[in-house]
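User: Got a model open here and a few spots I want to go through. Can you walk me through them?
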Amino acid sequence: CIKANAKSCGECIQAGPNCGWCKKTDFLQEGEPTSARCDDLAALKSKGCPMEDIENPRGSKQVLEDREVTNRKIGAAEKLDPQDITQIQPQKLVLKLRVGEPQTFSLKFKRAEDYPIDLYYLMDLSYSMKDDLENVKSLGTALMLEMEKITSDFRIGFGSFVEKTVMPYISTTPAKLRNPCTGDQNCTSPFSYKNVLSLTSEGNKFNELVGKQHISGNLDSPEGGFDAIMQVAVCGEQIGWRNVTRLLVFSTDAGFHFAGDGKLGGIVLPNDGKCHLEDNMYTMSHYYDYPSIAHLVQKLSENNIQTIFAVTEEFQAVYKELKNLIPKSAVGTLSSNSSNVIQLIIDAYNSLSSEVILENTKLPKGVTISYKSFCKNGVNDTQEDGRKCSNISIGDEVRFEINVTANECPKKGQNETIKIKPLGFTEEVEINLQFICECQCQSEGEPNSPACHEGNGTFECGACRCNEGRIGRLCECSTDEVNSEDMDAYCRRENSTEICSNNGECICGQCVCKKRENTNEVYSGKYCECDNFNCDRSNGLICGGNGICKCRVCECFPNFTGSACDCSLDTFPCMASNGQICNGRGTCECGTCNCTDPKFQGPTCEMCQTCLGVCAEHKDCVQCRAFNKGEKKETCSQECMHFNMTQVESRDKLPQPGQPDPLSHCKEKDVDDCWFYFTYSVNANGEANVHVVETPECPSGPDIIPIVAGVVAGIVLIGLALLLIWKLLMIIHDRREFAKFEKEKMNAKWDTVS
């Protein structure tokens with residue numbers, strides 16, 4: 001919205017569906033341009049514009065004609081005129097469109113039972129269709145009987161065609177013009193197109209007139225069927241078409257000429273798409289070229305005619321390609337003598353009527369339309385497939401959701417009309433498009449208002465719309481004065497050479513501040529010296545995300561202070577587990593504890609590296625009060641009465657973790673080297689409570705007798721072991737000495753013998 005640089009409310013609402021215009025007179029800050037009145041709704045509210053001063057017109061829809069679709073069954077006693085039968089709803093509505101805001105409406109379609117049908121049988125009467133003509137002569141009454149099963153109001157007509165009556169399509173010799181057939185064949189003179197029978201409900205008359213028809217002939221294989229189709233489509237009065245289901249059966253066993261082929265006969269004028277029937281004969285075939293396929297599609301669609309191509313097997317591929325180019329058309333295979341033509345027509349009609357395709361007239365510039373279909377059996381589609389539903393039976397109801405969006409306003413803002421209709425049906429929905437291009441407050445504007453510098457503009461929607469040649473917020477300047485150096489002096493701050501602080505331009509002696517690429521960043525002030533994005537930051541955010549930047553100074557939200565609003569006044573982060581702020585040992589500053597006693601630290605001044613623990617700190621007082629002993633025994637009543645003491649029988653009876661008050665479990669030694677157990681806690685009121693086990697755990701003295709007995713026994717055992725070792729060593733020594741003696745004794749005997 002800001003980027004649109006809207007100078008008026010009308011320009012603003014055309015910038016986007018979410019843009020609003022603040023018409024409050026004193027809304028703009030000094031230095032802000034008129035275009036700052038245009039912004040999205042949330043931004044305008046945040047800038048202080050009341051809802052009642054915001055212009056934000058919305059689109060709407062209004063249904064003017066909404067007749068219910070007709071519920072009517074075949075054979076019903078009530079006979080309705082075709083114009084009284086309704087198959088599409090609603091019929092007429094008005095859409096008020098704002099740029100970018102789609103308007104949606106629902107369209108309902110229901111195939112009415114017993115809906116009237118007009119069928120025109122257009123037949124190729126070239127010589128190759130001779131045997132087919134015999135079968136078609138009885139077509140009228142037979143087809144009437146079959147169609148009575150579908151509708152009680154059926155009419156049939158007949159026309160024939162051959163070819164253009166010029167060379168090289170036919171032979172122009174007098175004899176061949178009288179009878180183009182060879183031998184003794186009696187053929188009628190060649191012709192382009194003849195309306196033999198206008199639409200009638202008398203089947204016998206069809207048989208009678210068709211029975212009088214004769215085959216004709218031509219020279220080339222493709223026929224002039226397109227000339228005939230064009231005349232059948234545009235000569236509604238002569239053919240007798242009603243505003244009902246219109247079927248055209250095109251029967252041939254050959255191909256077709258189309259636009260450009262007329263040059264072969266020296267015919268270069270394009271087909272004019274107008275009716276040229278005189279005495280039921282097409283009289284301008286020699287003057288106008290064949291129509292193009294696109295021209296035929298246009299005329300068939302304009303006149304709501306559905307085409308059935310009944311062609312032989314040989315030309316099926318050609319006419320199937322043609323069917324793909326002509327909406328609401330079908331192709332059936334014609335037997336060589338047209339004996340199956342009735343069943344072909346019935347099948348093709350059922351195929352055509354089982355599908356509904358919506359089309360719209362040409363859309364005005366800048367208007368788009370989209371469709372969503374809700375068909376049988378829960379089948380939904382969007383985009384191009386959203387225009388149609390298939391497999392519809394008589395009496396079935398389908399629904400379409402249609403979105404119409406204006407992407408721009410028409411230059412003159414005038415209303416436009418578009419129409420939507422199902423292909424092949426005469427009924428349509430008429431939609432009147434009204435464009436919202438101006439605000440309501442603009443109609444209440446005051447031309448030549450005194451508020452706009454002596455009547456140099458129209459005061460509307462809280463701002464001046466300047467007359468031609470005038471500019472400025474209040475139209476106070478003419479375009480000739482814009483670059484005057486005298487004006488620039490009013491745009492400089494005192495003792496400064498910068499015009500508008502280099503953040504704007506001087507127009508009519510007033511600074512109009514620049515716009516930044518980020519539309520949330522704004523320059524303001526008389527000299528554009530202020531902005532909302534150059535304030536101190538914290539954690540990468542302007543004003544820490546806890547305030548608003550105004551003229552480069554943070555205005556903090558409640559509970560925040562500091563140059564970057566980074567100082568919280570909330571004391572909750574400083575609350576210790578005992579419910580005290582900073583454990584009573586400091587002050588809470590910007591949400592952080594500032595400990596007054598340097599011994600303490602931590603988030604809530606709870607830690608002291610050089611202090612005794614809770615247990616050691618209170619050990620002597622607990623000992624003197626509970627057991628009347630210890631270092632403070634003599635001064636117990638003076639130094640140790642700062643806590644409440646409760647004695648319990650055993651350690652199991654001491655308070656356990658999980659209670660609301662912070663709790664410390666202690667195990668300490670008394671003067672007799674006995675262990676005593678206690679807990680220390682402080683409640684929310686700051687009262688200290690001690691629970692102590694009433695009986696210390698003292699170690700028992702040693703048992704002397706077992707110790708002495710053990711020592712004596714040990715000495716005896718050691719002595720015995722030493723004696724045994726000595727005895728063993730002596731035995732080993734004696735044995736060695738004896739062995740030595742024995743050896744010496746033996747040596748003495750040897751000496752005597754010698």
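User: Which residues does A626 touch, not counting those up to four places away in sequence?
Analyst: A626 touches M645, Q647 and V692. Keep in mind that this is a predicted model.

User: Where does A626 lie? And is A626 buried or exposed?
Analyst: A626 sits in helix α14, which covers residues 614–627. A626 counts as buried because its relative accessibility is 17%, and the cut-off for buried is under 20%.

User: How far is A626 from Q638?
Analyst: Their C-alpha atoms are separated by 15 Å. Along the chain, A626 and Q638 are twelve residues apart.

User: Staying in that helix, what about D620? Which side chain of opposite charge is nearest to D620?
Analyst: D620 is also part of α14. The nearest side chain of opposite charge is K619, 4.6 Å away. D620 is buried, yet has no salt bridge.

User: Why doesn't K619 count as a salt bridge partner for D620?
Analyst: The cut-off for a salt bridge is within 4 Å.

User: What is D620 in contact with, leaving aside neighbours within four places in sequence?
Analyst: D620 is in contact with E631 and K632.

User: New topic: salt bridges. How many are there in the whole structure?
Analyst: A search of the whole structure finds 25. One of them joins the side chains of E55 and K23, at 3.3 Å from N to O.

User: Which parts does the pair of E55 and K23 tie together?
Analyst: E55 is in strand β3, while K23 is in the loop between β1 and β2, so the pair ties together parts 32 residues apart in sequence. E55 is buried, with a relative accessible area of 11%. K23 is partly exposed, at 25%.

User: What does the sheet with β1, β2 and β3 look like?
Analyst: It is an open sheet of three strands in the order β2-β1-β3, with antiparallel pairing. The edge strands are β2 (38–40) and β3 (54–55), and each pairs on one side only.

User: How many bridges are there between β1 and β2?
Analyst: Three, in the antiparallel sense, with β1 covering residues 19–22. For G20, the bridge partner in β2 is D39. In general, strands of a sheet pair through backbone hydrogen bonds.

User: Back to charges. What does D118 pair with?
Analyst: D118 forms a salt bridge with R155, where the closest N and O atoms are 3.3 Å apart. That pair links distant parts of the chain: D118 is in strand β8 (residues 117–124) and R155 in strand β9 (residues 154–161), 37 residues apart. D118 also forms a salt bridge with R242, with the closest N and O atoms 2.9 Å apart. R242 lies in the loop between α8 (236–239) and β11 (245–252), so this pair ties together parts that are 124 residues apart in sequence.

User: Is D118 buried or exposed?
Analyst: D118 counts as buried, at 0% relative accessibility. Salt bridges that share partners join D118, D153, R155 and R242 into one network. R155 is buried too.

User: Last one. Which residues make the nonpolar surface patch of about 940 Å²?
Analyst: Among them are I704, I707, V708, V711 and V712. Others include I715, V716, L717, L720 and L723.

Technical notes:
Residues are numbered from 1 along each chain as its sequence is written. This is a predicted model: local features need pLDDT of at least 70, side-chain atom pairs count only at pLDDT 80 or more; totals for chains, interfaces and linings use all residues. Side-chain values use heavy atoms; hydrogens and water are left out. Helices (H or I, at least four residues) and strands (E, at least two) are DSSP runs, numbered from the N terminus. Buried means under 20% relative accessible area, exposed over 50%, partly exposed in between (1.4 Å probe, protein chains only). Contact means heavy atoms within 4.5 Å. Patches are made of residues with over 30% relative accessible area and no salt bridge: like charges are joined within 9 Å, nonpolar side chains (Val, Leu, Ile, Met, Phe, Trp, Tyr) within 5 Å. Accessible areas come from the Shrake-Rupley method with a 1.4 Å probe; for residues, only the protein chains shown count as cover. Two strands pair if DSSP finds at least two bridges between them. Lys and Arg count as positive and Asp and Glu as negative; His and the chain ends are not counted.
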